[in-house]
Amino acid sequence: MTVTLADVAARARVSPATVSRVLNGNYPVAASTRERVLRAVDDLDYVLNGPASSLAAATSDLVGILVNDIADPFFGIMAGAAQTQIGGPGDGSGRAGGEKLAVICNTGGSPERELTYLTLLQRQRAAAVVLTGGAVEYPDHQAAMAAKLAKMADAGTRIVFCGRPPLPEGDALVAALAFDNRGGGRRLTEHLISLGHRRIGYVAGPPERTTTRHRLEGHREALRGAGIGTEAGDEERLTVHGPYDRRSGYEATLEILRRDPTVTAVVAANDTVALGACAAVRDQGLRIPQDISVAGFDDLPFSVDAVPALTTVRLPLFEAGARAGRLAMGKENPPPGGIATIAAELVIRGSTAPPRVG
């Protein structure tokens with residue numbers, strides 16, 4: 001049953017005119033009244049019809065792209081590629097054709113902000129939503145996401161995941177383009193093992209994120225396959241979690257070297273973290289790769305310019321983002337079953353080499 005403005009007014013114990021003033025922001029309203037109205041809007045999941053008030057089922061020309069951090073090239077590349085398909089050039093006349101307005105929503109990695117942005121896009125009857133990067137695995141958040149996305153899909157919004165797996169529950173997707181983070185993590189560590197490394201530290205991302213879990217699972221699969229790291233809790237002892245940033249890589253690498261000075265290689269959760277790991281290794285008076293090998297993940301543009309260039313795992317970020325944009329616009333048919341796994345490619349460069357003997 002559709003929730004009306006009158007329903008919100010009744011829940012907030014105010015007049016419909018007051019609800020309208022709060023939502024439109026065109027008239028001063030007491031802070032306590034405004035808070036009561038907004039709480040009622042959230043409780044009832046009321047969707048403001050906006051300029052499409054006469055077309056209750058219509059969607060707008062708006063497409064939301066949710067990212068954790070637009071300053072992170074991982075997200076920036078995907079978002080930019082998606083936008084080329086969503087708001088690309090039309091016929092050159094300056095008139096809007098089949099394009100949509102792509103809006104980048106920067107969540108800062110906050111589950112609460114993610115849901116807030118989805119609510120705002122729902123109220124604007126967004127034509128599509130593209131959610132990029134790993135998902136938070138808190139059960140309550142996953143349930144709230146599944147419920148929110150289902151309501152948006154029922155109202156005609158296309159839902160596309162880019163770089164993240166589908167939710168455990170919920171079938172509101174047009175498509176999920178999931179990177180093979182587990183396979184990439186396994187192949188990266190197998191490369192180090194093939195060089196002769198046996199004491200390998202791992203700088204992981206935040207433990208609640210799917211990307212972190214899958215990459216770490218791949219790393220540990222490789223260790224166990226070679227019979228490494230299964231004694232005395234080495235897997236946990238040589239793993240340090242932190243944010244996906246350079247400072248985390250630096251501090252976590254120092255901690256790994258403190259825990260085990262015999263480590264000969266460090267695997268980082270992504271290339272930005274790997275840069276911090278490299279700095280920590282150098283500050284300890286050690287050489288890369290002669291004393292310690294360092295590897296990253298994602299193959300971000302700067303990884304080839306690091307000194308030495310980073311061994312990493314390449315993800316086709318631009319291609320995935322562009323495909324997500326086409327799916328959001330209905331320009332491309334969804335993959336079979338709505339889910340596609342995108343391969344990860346090992347890229348071997350100068351930051352990894354056999355461990356020094358003696």
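Colleague: Quick one to start. Does Glu 114 count as buried or exposed?

Modeller: Keep in mind that this is a predicted model. Glu 114 counts as buried, because its relative accessibility is 7% and the cut-off for buried is under 20%.

Colleague: Where is Glu 114 found, and what is it in contact with, leaving aside neighbours within four places in sequence?

Modeller: Glu 114 lies in helix α5, residues 111–123. Beyond four places in sequence, its contacts are Leu 66, Thr 107, Leu 131, His 141, Met 145 and Arg 164.

Colleague: Now the sheet. What is the strand order?

Modeller: The order is β2-β1-β3-β4-β5-β11. These 6 strands form an open sheet, and the pairing is parallel. β2 (101–106) and β11 (339–342) are the edge strands. Each has a single partner strand, so one side of each has no neighbour in the sheet. On average, neighbouring strands are turned by 15 degrees against each other, direction ignored.

Colleague: Which helices pack on the sheet?

Modeller: Helix α4, residues 73–86, is one of them. α4 touches β1, β2, β3, β4 and β5, and its direction makes about 165 degrees with that of β1. Helix α6, residues 139–154, also packs on the sheet. α6 touches β3 and β4, at about 135 degrees to the direction of β4.

Colleague: Let's stay with β4. How many of its residues are buried?

Modeller: In β4, 4 of 5 residues are buried, and the strand is mostly covered.

Colleague: How many bridges join β4 to β3, and how many join β4 to β5?

Modeller: There are 5 bridges between β3 and β4, and 3 between β4 and β5. On the β5 side, Val 160 has Ala 175 as its bridge partner, and Phe 161 is paired with Ala 176.

Colleague: On to the core. Which residues touch the most other members in the largest nonpolar core?

Modeller: Ile 65, Phe 74 and Phe 179, in a core of 44 residues. Beyond four places in sequence, Ile 65 has contacts that include Ala 79, Ala 82, Ile 86, Val 103, Ile 104 and Val 130. A second, separate core has 19 residues, among them Leu 238, Val 263, Val 273 and Ala 306.

Colleague: Why would nonpolar side chains sit together like that?

Modeller: In soluble globular proteins, nonpolar side chains tend to be buried together.

Colleague: Different spot. Where is Gly 337, and is it buried or exposed?

Modeller: Gly 337 sits in the loop between α12 (317–329) and β11. Gly 337 counts as exposed, because its relative accessibility is 81% and the cut-off for exposed is over 50%.

Colleague: Last thing, confidence. What is the mean pLDDT, and where does pLDDT fall below 50?

Modeller: The mean pLDDT is 89, and 89% of residues reach 70 or more. Residues 50–57 are below 50, and that stretch has 6 contacts beyond near neighbours in sequence. Residues 90–96 also stay under 50, with 1 contact beyond four places in sequence.

Definitions and conventions:
Residues numbered from 1 in each chain as written. Predicted model: local features only at pLDDT ≥ 70, side-chain atom pairs only at ≥ 80, totals over all residues. Heavy atoms only, no water. Pairing = 2+ DSSP bridges. Helix = DSSP H or I, 4+ residues; strand = E, 2+ residues; numbered from the N terminus. Axes fitted to C-alpha atoms, helices over the stretch in contact; angles between N-to-C directions. Contact = heavy atoms within 4.5 Å. Core = buried A, V, L, I, M, F, W, Y, C linked by side-chain atoms within 4.5 Å. Buried < 20%, exposed > 50% of the residue type's maximum accessible area, 1.4 Å probe, protein only. pLDDT = per-residue confidence, 0-100.
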